[in-house]
Amino acid sequence: MKYLIVIIFFFFNLSSIAYSSNIVYIDMNFILSNSNHGKLILKELENKNKTNIKELESKEKILKDLEKKITNQKNILSKEDLEKKINDLKKKIVIFNEDKDELSKEFNEIKNKSITDFMKNIEPLVSGYIKDNSINIVLDKKNVIMGNKDQDITFKILEIVNNNIK
């Protein structure tokens, strides 16, 4: 009976060793930032962000100029006119902050959708590679503390992505 238990234990350990060699890791951020299609997506996102920043800076400058103008007229205007202009400025600032939040929200939605679509496009390619190479588990590199460089398939997947997604 003891021999049977030892033999079973030996085979389970042997099979677990065989399975452990089929674990690889991949750096998805590297693929996003270095693949041809990923670079295009990131460039479009960067341009959209720059456009949003310029628009917000322009609106902010207008508000600062208006505030400066009100401050300079503080002694000239009547109390009612001053309060009216200050309240008008406050309303414009609230609208500016709402616009800023909306632009940020829209940008984040576009960014998330673009990256999600990219990941969906490369998923079949990674799945095919995994199937062809009899890989059991693929881990994201950011979750791997240490690993053998031979188990890193990032550059292989990057090449496949560049060849198949235009």
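Modeller: Before we start, contact here means heavy atoms within 4.5 Å. This is a predicted model, where local features need pLDDT of at least 70 and side-chain atom pairs count only at pLDDT 80 or more, while totals for chains, interfaces and linings use all residues. Residues are numbered from 1 along each chain as its sequence is written, and side-chain values use heavy atoms, with hydrogens and water left out.

Colleague: OK, let's start with N52. What does N52 touch?

Modeller: Leaving out residues up to four places away in sequence, N52 touches L103 and F107. N52 itself sits in helix α3; helices are DSSP runs of H or I with at least four residues, strands are runs of E with at least two, and both are numbered from the N terminus.

Colleague: And why does N52 count as buried?

Modeller: Buried means under 20% relative accessible area, exposed means over 50%, and partly exposed is in between (1.4 Å probe, protein chains only). N52 has 6% relative accessibility, so it counts as buried.

Colleague: What makes the F30 and F155 pair edge-to-face?

Modeller: Rings of Phe, Tyr and Trp (its six-membered ring) pair if their centres lie within 6.5 Å; planes under 30 degrees apart are stacked, over 60 edge-to-face, and the rest tilted. The F30 and F155 ring centres are 5.1 Å apart with planes at 70°, so the pair is edge-to-face. The pair links distant parts of the chain, with F30 in helix α2 (residues 28-34) and F155 in helix α5 (residues 154-164), 125 residues apart. The structure holds one aromatic pair.

Colleague: Why is F30 called partly exposed, and why is F155 called exposed?

Modeller: F30 has a relative accessible area of 26%, so it is partly exposed. F155 is at 55%, so it counts as exposed.

Colleague: What about I31: why is it called buried?

Modeller: Its relative accessible area is 0%, so I31 is buried. I31 is in helix α2, and beyond its neighbours within four places its contacts include I26, F118, I122 and L158. I31 and L158 are 127 residues apart in sequence, yet 5.7 Å apart in space, C-alpha to C-alpha.

Colleague: Which residues touch the most other members of the largest nonpolar core?

Modeller: A nonpolar core is a set of buried Ala, Val, Leu, Ile, Met, Phe, Trp, Tyr and Cys residues joined through side-chain atoms within 4.5 Å. The largest one has 19 residues, and I26, I31, F118, I122, I153, I157 and V161 touch the most other members. Its largest share, six residues, comes from α4. A second, separate core of seven residues includes L56, L63, I70 and F96.
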